[in-house]
Number of protein chains: 2
Amino acid sequence: MTVIKAALLGFGTVGQGVYEAIQTHSEQLKKLLGASVSVEAVLVKDITKERPGVPRELLTDNFNDILSIPDLQIVFEAIVGVEPALGYLKQSIAKGCHIVTANKVLFAQHGNSLQQEASRKGVTVGFEATTAGGAPVIRTIKELLRVNKISRIEGILNGTSNYILTLMREENYTFEAALKLSQEKGYAEADPENDVEGYDALNKLLILSELAFGEKPDLSVSGVEGITRITLEDIQKAKKAGQRYRHLVSAEMTEHGVAASIKPVLLSEDHPLYSVDGVLNAVAITASLAGTVTIKGAGAGKLPTASAMIEDAAALSGKLQTVQPLSARSLFAG
Amino acid sequence: MTVIKAALLGFGTVGQGVYEAIQTHSEQLKKLLGASVSVEAVLVKDITKERPGVPRELLTDNFNDILSIPDLQIVFEAIVGVEPALGYLKQSIAKGCHIVTANKVLFAQHGNSLQQEASRKGVTVGFEATTAGGAPVIRTIKELLRVNKISRIEGILNGTSNYILTLMREENYTFEAALKLSQEKGYAEADPENDVEGYDALNKLLILSELAFGEKPDLSVSGVEGITRITLEDIQKAKKAGQRYRHLVSAEMTEHGVAASIKPVLLSEDHPLYSVDGVLNAVAITASLAGTVTIKGAGAGKLPTASAMIEDAAALSGKLQTVQPLSARSLFAG
């Protein structure tokens, strides 16, 4: 039996999902890649903490242990924030590993340079999981709309904000009450600023814009508006008029480069993103031949995000070596 | 300069769209495929008819002219009905051409055998355009959800029926009045049976089911229900209850094989296809890891359907030879 060796950086919700998905979908991965995917190590901060379902000997808190795995081919990265993740990914690429990341903050800032480095080393960077969770928006743009010229992208890309706006409209919650419930349900963090002020959506917009237009909009954080100024009265008034507030990210190619905005927008029923409720994410892509294509799915969550990462790995089919595991090689050598 | 030679079978709306798209998107195709795509011949029924924008010398009514094109690599097929298209495609495959088809009736019945023949010859069959027009449903299932196990597919796959139901709900048209307007707008044919009785949707369901589950449901034409029995009163009653009739195609993997249905279904607002109005098509795919992914887009039309075919051709990147055109080769030979 041959194996494809993988390592996992980070074991939060997403990392756990990737580990679980590799186990539960091992047959399918084997069929697609020609060999089993074997997680050889999991990088965690605290190796003393119990990780149910993961053999203790796989855990390490030292990235050098990952680098020293012979024939390592795929590094899944599910850490939050730029460093130390960026350094790990650069070293992984230098080692000749394909990388698959869910790290939107990192990728929004350094995606370009990572992809250039990967290209020089003949490896790839999967980043489907950085944007819109389980909805395959990135690869639709990259692979399914390649001839089409994309003129406009609109998205609902922060599930927390969308959940809060949905609660306000459907249940007449105030912003504060809706935020509190979101926190209780685990959709919003204790410090919700990143979500409700639009910074999380900004990272995803930067990633989509670079992908679709080859450049980022000139949109500083000061030009980003979140949902905190929307009142229950605003929403009730809109509802009576048959309209809905959505926290909308948009980017459009113009003669003067990419024009973008991130702010709450009133949508009418004929807008493709009008009906996207709750924690869902969706992106509407307007393209020269296809017209407007809308993709909607779970914007976050353990398995949907893991899905994006695992599918990125499956796309490596044909690009991986299938090596003999050490024991088998010893047998052959003997 | 090298070229990739293509031929076009059929020059109705879709064929015209493909021809136009190859001209308007030539730079992008060249970048993706490493050479220009050159349409070397267009098969039509009546070569005396004027085809604006197409050089007369490209037109032929004899398929043997297509077969005799040296180094032909891609055959785009946009004919209606099984024969003579099936024979043409089989001969094209035998000649070693990749084929790209928009022919849903043909593909629903013979897709499997065509793909097997293509596989034996080392060529591919693109069929994105058979289902949901410009919405890239086929390749999302084939390429972006490969590790995921798909458990259920639901779709709105006939734009004409959906347009009629939308008119009835929004404008209080009777079925007959809505059908008449659809015919005037060119959405419905003079004989609308294929659309409004659900037979067109059946072909697309068979294609999706084979793709997602590897088998077709046991669903004879007698088990297919169209929209003709839905009255304006039904729709008004549903509207009051916050529900909408959609002509829904669904297929689900069960212990006993694929269970499928094609019929009008009352949907509530929380259903992913509730908001798909007018001539749009959409498919909701429920998968083991990703959850439910919904893809929505133009279900038909010249450029959206051409988009699907051109993107199928672009996916041949790396599988095509870039040959010297005859004149250049003569120079080298001399």
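Analyst: Rings of Phe, Tyr and Trp (its six-membered ring) are taken as a pair if their centres lie within 6.5 Å, and a pair is stacked with planes under 30 degrees apart, edge-to-face with planes over 60 degrees apart, and tilted for the rest. By that criterion, a search of the whole structure finds eight aromatic pairs over all chains. The model is a predicted one, in which local features need pLDDT of at least 70 and side-chain atom pairs count only at pLDDT 80 or more, while totals for chains, interfaces and linings use all residues. Residues are numbered from 1 along each chain as its sequence is written, chains are lettered from A and ligands numbered from 1 in the order in which they are written, and side-chain values use heavy atoms, with hydrogens and water left out.

One of the pairs is formed by A:Phe107 and A:Phe127, which are stacked with 4.2 Å from centre to centre and 15 degrees between the planes. This pair links distant parts of the chain, since A:Phe107 belongs to helix α5 (residues 104–121) of chain A and A:Phe127 to the loop between β6 (125–126) and α6 (137–144) of chain A, 20 residues apart; helices here are DSSP runs of H or I with at least four residues, strands are runs of E with at least two, and both are numbered from the N terminus. A:Phe107 and A:Phe127 are both buried, where buried means under 20% relative accessible area, exposed means over 50% and partly exposed lies in between (1.4 Å probe, protein chains only).

In chain B, the rings of B:Phe107 and B:Phe127 have their centres 4.2 Å apart and their planes at 20 degrees, so this pair is stacked. B:Phe107 sits in helix α5 (residues 104–121) of chain B and B:Phe127 in the loop between β6 (125–126) and α6 (137–144) of chain B, so the pair ties together parts that are 20 residues apart in sequence. B:Phe107 and B:Phe127 are both buried.

The relation of the two chains comes next. Chain B can be laid on chain A with an RMSD of 0.0 Å by a turn of 180 degrees and a shift of 0.0 Å along the axis, the copies being superposed by least squares on the C-alpha atoms of residues with pLDDT of at least 70 in both. The two copies are thus related as by a two-fold rotation axis. Of the residues of chain B, B:Ile295 comes closest to that axis, with its C-alpha at 2.3 Å. The same surface serves both copies, for 100% of the contact residues of chain B recur in chain A, contact meaning heavy atoms within 4.5 Å.

Helix α1 (residues 13–24) of chain A and helix α12 (residues 302–314) of chain A pack at an angle of about 65 degrees, with their axes 8 Å apart; the axes are lines fitted to C-alpha atoms, for helices over the stretch in contact, and the angles run from 0 to 180 degrees between N-to-C directions. The crossing of α1(A) with α12(A) is right-handed, a term used if the near helix is turned clockwise from the far one by less than a right angle, with left-handed for anticlockwise. The residues that meet include A:Val14, A:Val18 and A:Ile22 in α1(A), and A:Leu303, A:Met309 and A:Ile310 in α12(A). By class, this contact of α1(A) with α12(A) has eight nonpolar, four polar and two charged residues, with Ala, Val, Leu, Ile, Met, Phe, Trp, Tyr, Cys and Pro counted as nonpolar, Asp, Glu, Lys and Arg as charged, and the others, Gly among them, as polar.

For helix α7 (residues 159–171) of chain A and helix α11 (residues 232–240) of chain A, the axes come within 9 Å and cross at roughly 65 degrees, and this crossing is right-handed. Here A:Leu165, A:Met168, A:Arg169 and A:Glu170 in α7(A) meet A:Leu232, A:Ile235 and A:Lys239 in α11(A), a set that divides into four nonpolar, no polar and three charged residues.

Some backbone features complete the account. A cis peptide bond with omega of about 10 degrees joins A:Glu83 and A:Pro84, and A:Pro84 is found in the loop between β4 (72–77) and α4 (85–94) of chain A. In chain B, the peptide bond from B:Glu83 to B:Pro84 is cis, with omega near 10 degrees. B:Asp71, a residue other than glycine, has a positive phi near 60 degrees and is partly exposed, with a relative accessible area of 32%.
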